[in-house]
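Hi,

Here is the model I promised to pass on. Have a look at it first, and my notes follow below.

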Amino acid sequence: MKYWRKPLDFDEVKIPHGEVHIIAERCKGCGFCVEYCPKDVLEMSEEFNRKGYHPPKVVKEGECVNCSLCEMICPDFAIYSVELPDVKTEPDGAQAVAGDGS
Amino acid sequence: MKADPAGVLTGAHYLDGDFACGEGAMAAGCRFTAGYPITPSTEVVERISRRFPMMGGTFIQMEDELASMAAVVGASWTGTKCLTVTSGPGFSLMMENIGLGAMMETPLVVVNVQRGGPSTGLPTMTGQADMMQARWGSHGDYRLIALSPQSPQESFDLMIDAFNLSEEYRVPVLFMMDECVGHMTEKVVIPPADEIEIVPRKLTDKPPGEFLPYKANGNGVPEFARAGDGYRFHTTGLTHDERGYPVMSAECQEELIPRLINKITDNVDKISRFDEENTDGADVVLVTYGITARVARMGIDMARKKGVKVGVIRLIVVWPFPEQHIRDLASKIKAFVVPEINLGQMVLEVERCAGGKAETILVPHAGGGVHNPQDICDAILRAAK
Amino acid sequence: MSVTIEEVEAAAQKHPVAPYLRMDRMPHIWCPTCGIGTVMKCYAQALEEADVDMDKAAIVSGIGCTGRVAGYMNLDAFHSTHGRAIPFATGVKLGRPELLVTVFSGDGDLSGIGGNHFIHAARRNMDLLVILVNNFIYGMTGGQNAPTTPLTAKSSTMPFGNFEEPFNLPHLAASCGAVYVARWTCLHTRRLTKSFQEAIDRRGFRFIEVIAPCSTLYARLNRLGSGFDLMRFYHDSAEIKHGADPKEVGIDFQDKIICGKFIDEDRPAMHERMDAHYKKVLGDKYVPMPPEGGWLHE
């Protein structure tokens, strides 16, 4: 995210990190979570679940900010996110810290 | 347990049947009533709405009878004893949620002060033509209990039985009065509260995790949990399993519906009530109920004076019908005579149970008045030949 | 990090909504891209955020797709008859006044067959939270015309397009005396949750209309794509106007949807008014119904 100036509380605000949990067998493939994830963490997978739907999959590991919008909008209670404890260094060098210009 | 004294107006009173019925409900512990005005039943809720605020009861006049009936089913699920009151046209509207009450197994009482029908009919005049509607009115298979009082005193007394039966078997109980009984004013003696026996709501003592809202006990009646006690139960008008969850299958239907029926039919002996008089050695037995039972007294006396041996069965609990008793009598007598203020309803039950072993003679009346006792006498004489 | 869970039952219990739902009844019956599940999630979230005592909350539904909500909520739940959810809930509320009673049902149920009950409950300011999910059509019975179907929209009983004026439900509720009236679409999950939460804390007849997609019938009969496309449409066409005159918020076919909180007043609910009135006119003789219900024990 790009800021035109550095926010005054930049050093205090920590953007949370979330871990997305997908209950693939509950998914009916509506795609709401993929469409409305503000960080584009999700994509529809090519795979089928047992009912023949394509559940979502995480494509941007580490970018989830635990906003829980996927959890709120999912009509089938098939996805939720869990806040991760604050991590200093990102796995795979993923850029999930605000202000890094991504 | 004994009645709550707050609802019992102990003493001798001069009351009409509608008022007595209302007093009976309050004595029985009824504390929620929803109703919609309709002649000739309205006096019942007028009485109740005047007395309820002094005993912790709530009366609400709903927008129609559909709503009244739905509200009493809802309120009963809070453990509160509930009543609604109506007459023919309103009774028709209530059928939908009487079915819901049967399906959800909800204790409640519905009073129908019968008037002349069909449709708007004779609003201020008497009838007994809703008896089959009481039995079959809502769609699908179910069994309910229906009582029929013949006097203001009985409107009081039987109201308590009506509430007790509804609690015992978890069914809507229909209280089939008629305009004559409703508007007849007589002496009504209301006993002290500690002489009135009340069946309380049978609340489960199981903890929430173990409780199944539709698991029947030995007598086919499930235990009750009321809303707000932490059971978080589910109940539905759909065919459901023991958890109260909908199950759309013939198997589940086969399990549920026969139980709803059997909890009544298996207990007919306990539920059934009728007055029986001089049936031993009788040639003719009169089967009657409600106001007609009183009118018939004169016809019976007239026939007895002419030497006919007449017995009487007066139905107090009309549904379930005392089938076995009528069957037993049928082989001992010549004929049944059934006077009723309709063109042939309960007579069909008598005829069915008589099974051709005894003749069955209807004494019809289209409604708007009561029988001429001479007609009843004539029918008895005809039957005795 | 992400987790794709195979053990459905175990995972379902870990879902944050699990305490509020009957997870043993999932998956629910609603079609893919139907919005009712989202509305239910928002309601569950609001229960959590408003810190509602779940043991003292009851939910009543009528019949239809949305009528199934009661069956999925982990509360004292009543799936009543078609159109009768409001009077049924009236009985529950008056029978045990301490309960929070929510009516959760569809547009056909509450404003069609149950329309009379709706206006009267609003008039007497019955203490009910009424959540109406409006998908503009009778979904469960196969897409027949509803009292909310917009003009010219097709339904299976108006195959050439609807020519009857639909209800403007916030206007109907407001003009009958509802003290809280709001409308959202099921895309507005945050605002909807907040609105539910706000309404839970109010008293009296609170009405929230939620526009939700019906992909199987409304979208298909009108060639609008899937529920997903309808969600996109809400995104483009919903306009938030708090305090808008309810008279002005009618919905035309595939036209803008005015959302927001239209009415928020404080008036005593029916049972509060009854109590106050009887106290005034009857004085010490008045015995109110106990909060836990009518006389039950010796």
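To start with a definition: the radius of gyration is taken over C-alpha atoms, and the globule rule is 2.2 Å times the number of residues to the power 0.38. Chain C has 298 residues, so a compact globule would have a radius of gyration near 19 Å, and the 19 Å of chain C agrees with that. Along the principal axes, the C-alpha atoms of chain C fill a box of roughly 65 × 50 × 30 Å. Chain C holds 11 helices and 9 strands (DSSP runs numbered from the N terminus: H or I of at least four residues for helices, E of at least two for strands).

Some housekeeping: this is a predicted model, where local features need pLDDT of at least 70 and side-chain atom pairs count only at pLDDT 80 or more, while totals for chains, interfaces and linings use all residues. Residues are numbered from 1 along each chain as its sequence is written, chains are lettered from A and ligands numbered from 1 in the order in which they are written, and side-chain values use heavy atoms, with hydrogens and water left out.

Now the interface of chain C and chain A. Here 40 residues of chain C are in contact (heavy atoms within 4.5 Å) with 35 residues of chain A. The buried area is about 3,200 Å², with 61% given by carbon and sulfur atoms; this is the accessible area (1.4 Å probe) that two parts lose on being put together, summed over both. The rule finds 2 salt bridges across this interface (a side-chain nitrogen of Lys or Arg within 4 Å of a carboxyl oxygen of Asp or Glu). Lys41(C) and Glu71(A) form a salt bridge, with the closest N and O atoms 2.8 Å apart. On the side of chain C that touches chain A, H2(C) gives the largest share, 6 residues.

Chain B has two parts to look at: domain 1 (5–195) and domain 2 (274–384), with bounds from an automatic or database domain assignment. Their contact takes 27 residues from domain 1 of chain B and 24 residues from domain 2 of chain B. The two domains of chain B bury about 2,000 Å² between them, 59% of it from carbon and sulfur atoms. On the domain 1 side, Gln128(B), Met132(B) and Gln150(B) lose the most area to domain 2, together 32% of what that side buries. The count between these domains is 2 salt bridges, and the side chains of Glu154(B) and Arg314(B) meet in a salt bridge at 2.4 Å, N to O.

Best wishes
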